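Here is a short briefing on one predicted model. Keep the structure open while reading.

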Amino acid sequence: MTIKVLDKTTIQHLHSGQVIVDLEAIVKELIENSLDANATSIEVVFINNGLESIQVKDDGDGIEENDRLCVAKRHYTSKLVKFDDLESISSYGFRGEALNSMCAISENAIIMTKTKEDVIGKQYDVDKEGFISNEKPTNSISKSGTNVTLYKPFYNLPVRRQLAKKNIPQSTRKFQDLIVQYALAHPNVRFSSHQARDTVGYIPNTGNNSWIKPATTSIEKTIGIIYGSQLANAVERFVETDIHHPTLTIDMILPKRNSDPSVIYKGGDRVFVYVNQRPINYVKSELKELVTSVRNRYRENVGLNENNRKNPFMYIDIQMSPDEYDVNIDPNKTTIYFQNKQLIFNLVDKILDTVYSNKIDSLFIKQTE
Ligand code: ADP
Ligand code: MG
């Protein structure tokens, strides 16, 4: 047996497939980059369900000229300098590997960007290693922002591409669910998505293949726009800070006491769990019990029997200092460990007591718009 070192390209390929596991991961990483760049409008365009291309356009800060050469190089990030910074970082990204990985698994990648200081935007073709192979001016961005387009994702990972093709019916739904996750947590940002079958005859912003969530002033209004006024009227928001641990605040939207279950359960499982607006996979994380306790309390409150295992609509954002949790567990950062999860559970219980039992609710600052 001979032990040899892998060449750089092989390492990059092996790694990229783990960072970008499926088409949804591309959408997620691009949306997060746009949010990190302070975008107020994010548009996602899918051609042939993302198999031909996925494009995310934002009106964020854009990428400064000096940074552009490194934008898609592995481990180049503008968000983190040293490991200790993780304890205070609030951006979605910090590993500097998403763009690099996305370019590595796509046939072609184009980044257009303009800062507000630039007179004109620039278009960059990025190669598999994350180097810029070509650049030219572009007029497609008026004020500031960034458009990233990835063509033929997984073209070089045939099994993954085959799987993506097979999963088209589910992934259309998953893309939408993913966009809604971010749209709910960022009411002030306009989100839109467009699906087109092919590049020929594609007209954005029209037909049933488009979805738009305008910027709003509250999560409650966003719920009304996305799910309709019936649900918006059936839920209520509570914001509570821990008196003994003021760095912890829970922002929750829950079904109102005695609200109609047919409204609350309509549309399937709608559970939104975040930590500092970062969507968390509650099934995979320590927050599963939290969802279960909301489910049980609502079920008991409306008198449904114990066999009802469906989750009611709920939105939970745990706002806490970044040094009290660790989100650097898997590359997509949807699993999380807490220093003291009991604090969170206690505070949520306190809210649930107020909503679903007869206790006085004067302790709560009920959020008004
Ligand atoms: P990370 O988000 O972990 O820093 P990425 O590979 O996702 O790593 O992005 C690398 C860098 O490219 C970011 O740190 C940021 O400076 C820049 N960037 C990526 N997307 C955008 C965007 N939409 N707008 C502005 N800058 C961006
Ligand atoms: Mg990123």
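Strand 6 is mostly covered, with five of its seven residues buried. This is a predicted model. Strand 6 pairs with strand 2 through six bridges, and the two run antiparallel. Strand 3 (residues 108-114) also pairs with strand 6 in the antiparallel sense, over seven bridges.

**Around strand 6**
- Serine 53 stands opposite tyrosine 151 of strand 6.
- Methionine 112 has asparagine 147 of strand 6 as its bridge partner.
- Strands of a sheet pair through backbone hydrogen bonds, in either the parallel or the antiparallel sense.

- Eight strands form an open sheet in the order 5-4-3-6-2-1-7-8, and the pairing is mixed.
- Strand 5 and strand 8 (210-213) are the edge strands, and each pairs on one side only.
- On average, neighbouring strands of this sheet are turned by 10° against each other, direction ignored.
- Strand 1 (residues 41-47) and strand 7 (residues 190-196) run parallel and are joined by seven bridges.
- Isoleucine 47 has alanine 196 of strand 7 as its bridge partner.

**Helices on the sheet**
- Helix 2 packs on the sheet and touches strand 1, strand 2 (53-58) and strand 6 (145-151).
- The direction of helix 2 makes about 15° with that of strand 2.
- Helix 5 (residues 168-185) also packs on the sheet, where it touches strand 1, strand 7 and strand 8.
- The direction of helix 5 makes about 170° with that of strand 7.

**Helix 5 against helix 6**
- Helix 5 and helix 6 (residues 219-227) pack at an angle of about 145°, and their axes are 8 Å apart.
- Val180, Ala183 and Leu184 in helix 5 meet Ile219, Thr222 and Ile226 in helix 6.
- This contact has five nonpolar residues, one polar residue and no charged residues.

- Is strand 5 (residues 132-138) covered or in the open? The number of buried residues among its seven is zero, so strand 5 lies largely in the open.
- Strand 4 (residues 121-126) runs antiparallel to strand 5, with six bridges between them.
- Glycine 121 stands opposite threonine 138 in strand 5.
- The hairpin of strand 4 and strand 5 has five residues between the strands. Glycine 130 takes a positive phi near 90° in this hairpin.

**Ligand 1**
- Ligand 1 is surrounded by 23 residues, and the closest are Asn33, Ala37, Thr77, Ser78 and Gly93.
- Helix 2 (23-36) and helix 3 (98-104) are the elements that give two or more residues to this shell.
- The shell divides into six nonpolar, 10 polar and seven charged residues.

**Phenylalanine 94**
- Phenylalanine 94 lies in the loop between strand 2 and helix 3.
- Why does phenylalanine 94 count as buried? It has 20 other C-beta atoms within 10 Å, and a residue is buried because 20 or more such atoms lie within that distance.
- Phenylalanine 94 and leucine 254 are 160 residues apart in sequence. Their C-alpha atoms are 32 Å apart in space.

**The annotated domain**
- UniProt, in an unreviewed entry, places the feature "domain: DNA mismatch repair protein S5" at residues 223-357.
- Over residues 223-357 the chain is 33% helix and 23% strand. The end C-alpha atoms of this stretch are 25 Å apart.

Conventions: Residues are numbered from 1 along each chain as its sequence is written. Chains are lettered from A and ligands numbered from 1 in the order in which they are written. This is a predicted model: local features need pLDDT of at least 70, side-chain atom pairs count only at pLDDT 80 or more; totals for chains, interfaces and linings use all residues. A residue is near a molecule or strand if its C-beta atom, placed from the backbone, lies within 6 Å of it. Helices (H or I, at least four residues) and strands (E, at least two) are DSSP runs, numbered from the N terminus. Ala, Val, Leu, Ile, Met, Phe, Trp, Tyr, Cys and Pro count as nonpolar, Asp, Glu, Lys and Arg as charged, and the others, Gly among them, as polar. A residue is buried if 20 or more other C-beta atoms lie within 10 Å of its own, exposed if 12 or fewer, and partly exposed in between; C-beta atoms are placed from the backbone. Two strands pair if DSSP finds at least two bridges between them. UniProt positions are given in the numbering used here, feature names are shortened, and annotations may be inferred rather than shown by experiment. Axes are lines fitted to C-alpha atoms, for helices over the stretch in contact, and angles run from 0 to 180 degrees between N-to-C directions. Two residues are in contact if their C-beta atoms, placed from the backbone, lie within 7 Å.
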